[in-house]
Structure formats: C-alpha cells, structure tokens
Amino acid sequence: MRNLVNTESVSAHVRGLAAEDFPAYIYDIDALRQHATQIRAALSRPGAPEIFYAAKANPDAVFLKALAPFVDGFEVASGGELEHVLAAVPGARIAFGGPGKTDAELEKALDLRVERIHVESPYELKRLANLAGSTNVDVLLRVNLAGSRAGVALAMTGPFGMDPDLIESCHAILAEAPHIRLRGIHAHLASGLGTEAMLVQAQEILDWARPWLEKAGVVHPEINLGGGMAVDYASPDDRFDWQAYGLRVSELARPGETLRIEPGRAISVYAGWYVTDVLDVKQAHGEQFAVLRGGTMQIRTPVTKGHNHPFVLLPGSDQEDAPAAEGAVTLVGQLCTPKDVFARQVQIDRIAVGDIVAFSMAGAYAWNISHHDFLMHPKPGFHYLDSHA
Ligand SMILES: *Cc1c(COP(=O)(O)O)cnc(C)c1O
C-alpha cells in the first residue's frame, strides 16, 4: 500500500497563490482520507486493534471530522482537547489520558461521560473515585514498563503512568471503589517505532498485562498498546507498514480481548504542507543561505526534531537576475536567531529569490506546537484541499 507523497494537488493549488498568501499551511484532506482508508483496511481483521486518533498530533477540527469515519475514537490529553474534540465530532468515543489531570478536568470527563479514563497514578485513581461518587467510571491503568527502547525517537521515561511496583497499590484502591470499573491496561512506551519494534513491544505489553488483569479479575480485558508508529522525515515515502502490522498484531489478540492503539503522527503527518517563498539568497562566511518568508515559529518541527525538514522546490522566480545559489544551501526563516533553520546545507540544483518551497510532512506536531507570536510576523493562511467540502 505504498502511496507516495503526492505533490500534484498541492503544487496545483500553490500556483494559484500570490506572494502575499505565503506562508500557508496547505492541508490535503483528500490525501488524509485516502491514508486513513488504507490504515482502516489494514486493521480490519478479527482481533485487530481499535484505532483512537491521538488528537494532540493535529487537533485541527477539519482533520478530526475527516478522520471520524475511519477511526473508532479519539485520545485526548487535556480538558481543552476533550471539549474541542467533542465539539468537532459530537458523540465521539473518547479516551482521556495524560499526567497531572486536575480535579476540574476529571469532573469534566465525568460530566461528558468519556468512555475511558487512563489513570496515571494511585493518587489520581483515589481522586477519581472520590469525584465519581456513585457514578460508574471505566478506567484503564497506565503502566510504565522498563526495558530497552533503543533506537526509538522518544522513550516515554519519566512521570508517565505507573511502574510495575507502584501499580500494585491500585488493587487496594479499587477494592474500596466499586464504581470504578477497571477495564484494562494502557501503555504508551515510546515514539518512532518501526513495524517490527512495534510488534515486539506489543507482545511485551500483553505478556505483562494479561496475568495482571487476570489477577485483578477483569473479564474481557482491554489492552491499549499506545501510539508512536514511526514516520521517516529523511525518507517521506518510507511509511509505517500498516498492512504487515495489521496482519501480525491481530494474531497476537486472544478471543475475548479488545486491543486498541492510539497513533497520532503516523496518521496525520503526510496531509500537511507548509509553503512559503524565498525572500533573499546570500553567502555568509562561505555558507549559502536562502531566507524564507515565515520561520520555525510557524513550523517548529525541524527545531524540535533537530532534522532537515523535507521539502519540494517549485521554481517561481521570473527575474533573470534574481539572487540564486546552487549546491549546499541552508534554508532559514525570518527570526533573529541562528536556531531558525528549516534545513542545513542541503544539496539544491538551484534556488532563487521568488522560488517556492513546499515543506512536506507538516500535518503533525507542526503548527500546533509552534510559538506563533514570536516576532509578530503575519500568521500563515490555512487552505484545505477537500473534494468533499
Ligand atoms: C502522544 C501520545 C500518543 C501519540 O503518539 P504518536 O507518536 O503521535 O503516534 C499516543 N498516546 C499517548 C499517551 C501519547 O502521549
């Protein structure tokens, strides 16, 4: 199911834009739908996990609405996300996770009857029991397993969930709280796992969770295996193999069990583009720079990942004498900081003032993690390519 990054509809749209329209986020909702259709199809066998889209990757309401038919629900990580997702997709199935939930957030989750709360600590479980009173609440306990996460983009070490010693204390709390219904275990251990590593980790979670849940007396247990499916910014066409994953993860499930996953990045990343134009090209101390309109205050991804963000160059300059460069060029933005780098010393045939640079893979952890107000440049426009709209 390889579906190469499709630049056609994006470049066609960009052709119709003027310089004042840049920078722009172009969201290819048709491509998002197509990708989600393929993921859904790959996870359709008996035993295949349910899919809850992790809203924090990109909570744009248009994304949420477009994804709704292809996912089983949404994972939210704050009271704000909870309200936002329910406003965009009324009646959606919701799982509410994240460390440091306040009483107000837990009350909101109870009021709005979220389907599952992922409990992150024994103290949170006690507070939830008190707040719920005689209202039934369905919870998964989040476990934080040790073990080697070598090679992952981000290991979720730290305050996420409970280690196997701490989670033992939940048995006693649950025994006193009959309205808290333990439905299963949640684990989100790392981000950036390829297909094989993801399957090994799934087995590890199941091996730990099954005896624990049996001891706790949970029938028809649910096991949430988390998100973190890898995307490769250095090679945008190399995608997580949902087909192979779907086949093999379904085989891990046992009758009576419900598996669930909550991917974010690997679902939405390919549907977004940050498109802008070249304002200046110059040399400084032997290095060639192209200065682009906008900057990493609008797409923070290359700074947080420390990578060269992938892009496609669309020649746009009609001036013969426009400043231009060939060979190794560093693409920077308008911020007054040397950290404002999209891509460093990348090989380019030719880049000139007036050319258009379309950064791909900007549909996840891009706009919504960025510090938009720094330097007060104009905000990007948002364009949705959606043939259903
Ligand atoms: C961020 C997060 C996800 C999604 O991770 P991706 O890498 O975007 O797939 C899923 N579950 C939890 C608990 C998270 O914190």
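User: How many disulfides does a search of the whole structure find?
Analyst: This is a predicted model, in which local features need pLDDT of at least 70 and side-chain atom pairs count only at pLDDT 80 or more, while totals for chains, interfaces and linings use all residues. Residues are numbered from 1 along each chain as its sequence is written, and side-chain values use heavy atoms, leaving out hydrogens and water. With a disulfide taken as a pair of cysteine sulfur atoms within 2.5 Å, the number found is zero.

User: Is Cys-170 buried or exposed?
Analyst: Buried means under 20% relative accessible area, exposed over 50%, and partly exposed in between (1.4 Å probe, protein chains only). Cys-336, at 72%, is exposed. Because its relative accessibility is 0%, Cys-170 counts as buried.

User: How far does a polar side-chain atom of Tyr-365 lie from an oxygen atom of the ligand?
Analyst: Tyr-365 is among the closest of the 14 residues that surround the ligand, where near means a heavy atom within 4 Å. For polar contacts (N or O atoms within 3.5 Å), a backbone atom of Arg-265 is 2.8 Å from a ligand oxygen. For the Tyr-365 side chain, the distance is 2.6 Å.

Notes:
Polar contact = N/O pair within 3.5 Å; in protein donor to acceptor, adjacent residues only side chain to side chain.
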